[in-house]
Amino acid sequence: MAKLRARLLGVLVLLTGFLTAAGSAQPAAAEGLPDSLWFDEPAAALTVANGHFTDGLGREVVLRGYNVSGETKLEEHSGLPFASVADAKKSATALRALGGGNSVRFLLSWAHAEPARGQVDTGYLADVTDQIRAFLDAGIRVYPDFHQDLYSRYLFNTGSWYSGDGAPKWAVDAGGYPQESCGICLFWGQNITQNGAVKQASYDFWHNAHGLQDAFLTTAQTTMTYVRAHLTSAEFAGVVGFDPFNEPFAGTYDSGQTSRTWEQNILWPFYAKFRARMDAAGWQAKPAFVEPNLFWNSNLDFQKQEGGLLDAGTLGSRYVFNTHFYDQKAISGVFMWGKAGDGQYATDFGAVRDRASAAGTTAVVSEFGHPLSGSVSDKAPTVVKAMYQALDSRVPGAGWWSKPEGSGPVLSGSQWQWDLYSGRHHELMNGNPDKVLTSGDAWNDEDLSAVGLDDSGKAVLRQDTRLLDRLYPSATAGRALAFTYEDRSRDGSTTLTWNPVPSSLPNVSQLVGTGQYGLLMWRSDGTTAPTELHLPASFPAASTTVVSDLGAVHGLPAYTTATPVATAAEPGGTGSRRLLLTSTDSATLHYALVTNGAANPSSTLLNAAKAELTSWAASHA
């Protein structure tokens with residue numbers, strides 16, 4: 001029924017566009033964000049339906065972007081991601097135009113939202129809302145996250161080797177915790193299971209000792225109420241949902257308790273309470289992005305714990321299965337000596353798809369990435385490429401063309417992280433003026449930001465643009481059946497090609513050459529709005545080739561409602577662009593190959609490639 005309503009709305013909007021254009025094929029001008037088209041505003045709000053993010057016109061949506069940002073963990077900007085709204089706007093524009101993102105996970109600080117018990121700082125909430133608005137104005141969807149690591153920075157003293165973030169000082173003072181000590185710890189994450197103060201404080205929160213959980217929930221509701229009240233309805237439509245708690249862990253299990261029963265009896269009731277607070281704050285139509293036990297999908301066997309919200313039942317439209325993935329083997333420098341390869345994380349990300357499907361919802365990998373400096377940073381180009389590959393499809397590149405139907409849904413994800421101030425911090429670690437941190441993320445020796453500022457103050461990427469600014473199906477009019485993207489990203493001077501076009505498709509192979517390419521196969525459902533793919537900056541309209549059952553085109557024309565293969569700017573005025581593929585039929589198999597590898601291909605080559613792809617798609621539909 002919801003799908004039918006979306007289709008009827010799309011038909012009405014489309015008819016309105018035709019009437020406004022006075023019979024021409026040009027789309028009606030849209031109000032709202034710069035560069036909006038007739039379908040953008042009615043499509044803005046997302047829900048979860050049939051195991052996918054679904055927009056207001058019934059299209060399947062994929063969220064891709066970054067965490068904004070680890071700066072929230074620091075005190076230098078008072079728990080905010082940015083020093084100013086101007087910096088937030090600069091970051092948003094760069095994230096869209098350079099990083100190719102259409103969404104962000106926006107970090108918030110409980111410590112700054114409620115610095116004194118029962119007293120919410122509305123000045124902080126106002127600054128948060130203004131900075132969120134900077135991203136919404138750039139056409140970027142947002143899901144806020146009350147972030148924490150190691151429970152709180154206030155567990156650590158000025159001489160500590162590590163630091164945390166999350167809970168306010170009064171919450172730590174209420175517990176009277178022992179002096180923190182991790183013993184022999186090589187990585188900050190070991191504090192989660194080895195630091196007595198961190199373990200006890202976490203345990204207390206989950207068991208509502210001193211009313212801590214109640215206080216947090218009240219502050220969360222106040223925060224959500226404030227944000228909703230201070231955004232316009234059009235702006236609030238771009239807020240996707242809320243992540244209640246980052247990387248939950250029990251701290252300590254009770255006697256006889258397991259990681260699975262902890263999720264069932266402690267974690268899930270918390271999420272149910274948070275869901276109720278969302279409803280009370282006016283967020284009824286938006287899902288909670290709920291994370292399972294932190295260690296449920298660790299790729300180190302001795303660290304892995306049973307979990308994944310196995311006993312939560314059907315999550316449905318009210319919740320999103322939200323998880324993180326880091327290659328702990330690669331980060332360790334011990335358990336994985338070499339670099340990542342084709343299909344490295346197909347099984348890991350396949351488990352995420354399977355778990356979300358079993359829970360009757362969609363999934364988002366809200367953190368993934370790899371260190372960009374230090375002894376294991378040489379693995380980053382291959383590790384992050386393999387993670388994006390696994391987000392795109394569960395089938396490794398070597399076998400994708402022979403079994404595209406095994407791809408599974410394209411996963412949403414937010415890379416960690418997008419910190420405008422990377423390497424330019426001035427953070428007094430745990431308030432110690434003699435320990436001023438400036439390098440990397442300025443937090444526990446991490447360095448994962450994909451962006452930084454050059455000496456002129458311009459935002460620049462710190463990773464290969466071909467890796468980050470990616471082709472992906474941001475909205476599919478129907479059901480996506482298979483997708484792949486060969487980014488040709490580099491590891492040093494070596495170009496990484498993990499998904500070459502097979503020799504059985506010689507004309508397609510000739511057309512792609514050594515260029516980047518992506519291929520989407522989908523089945524239409526009568527949705528009137530076009531299918532959208534984000535076009536990386538390396539795919540300029542004049543030199544991009546699309547071979548589709550909808551048409552074979554070299555040099556993309558501007559979008560009109562009568563142009564089946566076209567390009568247009570993405571909403572928000574950032575200069576980023578999208579490919580629009582229009583077909584209003586239903587239950588029809590469609591495909592589109594998109595490449596920047598062809599230089600003035602002949603019509604003969606385009607037609608030959610189309611014939612090959614038509615036959616190939618039919619055999620794998």
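A disulfide is here a pair of cysteine sulfur atoms within 2.5 Å. In general terms, such a link is a covalent bond between the sulfur atoms of two cysteines. The structure examined is a predicted model, and a search through the whole of it finds 1 disulfide. The two partners are Cys182 and Cys185, whose sulfur atoms lie 1.7 Å apart, a separation that falls within the cut-off of 2.5 Å. Because the torsion about the S-S bond of Cys182 and Cys185 is about -75 degrees, the disulfide is left-handed. With burial set at under 20% relative accessible area, Cys182 counts as buried because its relative accessibility is 8%, and Cys185 is likewise buried, with a relative accessible area of 7%.

The largest pocket of the model has a volume of about 1,300 Å³. Its lining is made up of 48 residues, and those closest to the centre of the pocket are Phe187, Trp188, Gly189, Gln328 and Ile331. Two or more residues of the lining are given by each of the elements α7 (191-194), β8 (319-325) and α12 (328-332), and the largest share, 4 residues, comes from β8.

An open sheet of 5 strands is found with the order β16-β19-β25-β21-β22, and its pairing is antiparallel. The edge strands of this sheet are β16 (479-486) and β22 (551-554), each of which pairs on one side only, and neighbouring strands are turned against each other by 15 degrees on average, direction ignored. Strand β19, residues 517-525, pairs with strand β25, residues 586-595, in the antiparallel sense over 8 bridges, and Trp522 stands opposite His590 in β25. Strand β25 also pairs with β21, again in the antiparallel sense, over 4 bridges. Strand β21 is in turn paired with β22 over 4 bridges, in the antiparallel sense, and a hairpin of 2 residues joins β21 to β22.

Helix α18, residues 603-620, lies across β19, β21, β22 and β25, and runs at about 135 degrees to β25. The loop between β25 and α18 contains Asn600, a residue other than glycine with a positive phi, near 50 degrees. Asn600 counts as exposed because its relative accessibility is 66%.

A further pairing involves strand β4, residues 64-68, which runs parallel to β5 and is joined to β5 by 4 bridges; within this pair, Tyr66 stands opposite Val104 in β5. Strand β5, residues 103-108, is mostly covered, with 6 of its 6 residues buried. Ser103, Arg105 and Leu107 point one way from this strand, whereas Val104, Phe106 and Leu108 point the other way. Phe106 is also among the residues touched by Gln131, which include Leu80, Pro81, Phe82, Ser84 and Ala88 when residues up to four places away in sequence are not counted. Gln131 itself is found in helix α5, residues 122-137, and counts as buried because its relative accessibility is 3%.

Several backbone features were also identified in loops. A cis peptide bond joins Val68 and Ser69, with omega at about -20 degrees, and Ser69 lies in the loop between β4 and α3 (85-97). Another cis peptide bond joins Trp416 and Gln417, where omega is about 5 degrees; the place of Gln417 is in the loop between β10 (412-415) and β11 (427-428). A positive phi, near 55 degrees, occurs at Leu150, a residue other than glycine, in the loop between β6 (141-146) and α6 (169-175). Leu150 counts as buried because its relative accessibility is 4%, whereas Asn600, with its own positive phi, counts as exposed.

Methods
Residues are numbered from 1 along each chain as its sequence is written. This is a predicted model: local features need pLDDT of at least 70, side-chain atom pairs count only at pLDDT 80 or more; totals for chains, interfaces and linings use all residues. Side-chain values use heavy atoms; hydrogens and water are left out. Two strands pair if DSSP finds at least two bridges between them. Axes are lines fitted to C-alpha atoms, for helices over the stretch in contact, and angles run from 0 to 180 degrees between N-to-C directions. Contact means heavy atoms within 4.5 Å. Buried means under 20% relative accessible area, exposed over 50%, partly exposed in between (1.4 Å probe, protein chains only). On a 1 Å grid over the protein atoms alone, a cavity is a set of points where a 1.4 Å probe fits but cannot get out, and a pocket is an open set with protein on both sides within 12 Å along at least five of seven lines; lining residues have an atom within 4 Å of a point. Grid points are joined across faces, edges and corners, and a volume is the space filled by probe spheres set on the points.
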